[in-house]
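Here is a short note to read alongside the model. Please keep the structure open and find each residue as you go.

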Amino acid sequence: MRAVQFSEYGPAAVVQVAEVEEPHAGPGTIRIAVRASGLSAGETSIRSGRMRDVVPVTFPYRTGFDAAGVVDEVGDGVTGVGAGDEVFGMTATTARGANADHAVLVAWAPKPAAWSWEEAGGAAGSVETATRVLDRLAVGAGRTVLVQGAAGGVGTVAVQLAVARGATVIGTAGEHNHGFLRSLGAEPTTYGAGLAERVRALAPGGVDAVFDCAGGALPDLIAIAGSPARVVTIAPDLTAAALGVHLSHGAPAGDTAAAVGAADPLAVHGLGIAVELAGQGRLRVPVAAAFPLTEAAAAHELSESRHARGKIVLVN
């Protein structure tokens, strides 16, 4: 089958589509024929080598953590799902390989009818990441959260999930995306110099938490939050540890293990909530662009431009 991978650090051009052996479903997992899969901005940082001291890799590195498709193999111990079912979900963080013709999922849920394949293909990673960070920050009703980089793939989902929890959301983005953020339920503002003053005007009572999806502004975000403990970043910002900010990446082992062999896939943390909200019309997965699998390198280039509004996906 075809799979996207790279065998050395470097620019987007090192990304290639190779012929590899098909994976197969093992105990507690399922395999899908992939219709669409997501491109993680974090993987572009891994590919470039910027994260080599934080996320060591073994080459060739197979890319992709989230995908949607049709189940064609069901592993031992799995119930509640069968061949022919349409699902979306995640691979094991150690296995990756979702950007391929077939992928083995350890966490999954039924594909919402309201979502296209492109939306579903890019959903699971953003949902898992946003849920993980919002939980860590204890974002809920009556809380105010600032989402830095709110128009990106994770940011757009984080805004909607925070709103669904009853939180007040302020989101940073370029002015051309402000109307878009309002449509998701956030109060928009621009990033850059003077951010603290702009946020103070929007939230005179202060901000309870900051979810950083963009990087590069941690000192300002700490000042806005009042403490580094109230800031979580998912950006490849290597100053985070020195500043006392938690850098969150990858599903915690406990969360992933909870999905393996689950009798009801909707029990998987985050994905079931996403399905429910999607059915209510309260969760969209904005797609910035959809590239054929064979154009994965171009997708990486777009991701690194930092001008994509929503999730970048690859389609089979």
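1. A word on terms comes before anything else. Helices here are DSSP runs of at least four residues, marked H or I, and they are numbered from the N terminus. Just after helix 3, Ala138 takes a positive phi of about 55 degrees. Keep in mind that this is a predicted model.

2. Now look at helix 3 itself. Helix 3 covers residues 123–136, which makes 14 residues. From its first C-alpha to its last, helix 3 reaches 20 Å. That is close to the 20 Å expected at 1.5 Å a residue.

3. Is helix 3 enclosed or open? Of its 14 residues, 12 are buried, so helix 3 is largely enclosed by the rest of the structure. Among the buried residues are Ala123, Ala124, Gly125 and Ser126. Glu128 and Arg132 are also on the buried list.

4. Next, the charged pairs. Side chains of opposite charge can pair when their charged atoms come close. The structure holds 8 salt bridges. A salt bridge here needs a side-chain nitrogen of Lys or Arg within 4 Å of a carboxyl oxygen of Asp or Glu.

5. Start with Arg31. Arg31 forms a salt bridge with Asp72, and their closest N and O atoms are 3.0 Å apart. Arg31 lies in strand 3 (residues 30–39), while Asp72 lies in strand 5 (residues 66–74), so the pair ties together parts that are 41 residues apart in sequence. Arg31 counts as buried, at 7% relative accessibility. Asp72 is partly exposed, with a relative accessible area of 30%.

6. A network of salt bridges links Glu22, Arg31, Asp72 and Glu73.

7. Which residue forms a salt bridge with Arg47? The partner is Glu304, with the closest N and O atoms 2.7 Å apart. Arg47 lies in helix 1 (residues 41–48) and Glu304 in helix 11 (residues 296–305), so the pair ties together parts that are 257 residues apart in sequence. Arg47 counts as buried at 1% relative accessibility. Glu304 counts as partly exposed at 31%.

Conventions. Residues numbered from 1 in each chain as written. Predicted model: local features only at pLDDT ≥ 70, side-chain atom pairs only at ≥ 80, totals over all residues. Heavy atoms only, no water. Helix = DSSP H or I, 4+ residues; strand = E, 2+ residues; numbered from the N terminus. Buried < 20%, exposed > 50% of the residue type's maximum accessible area, 1.4 Å probe, protein only. Expected span 1.5 Å × (residues − 1).
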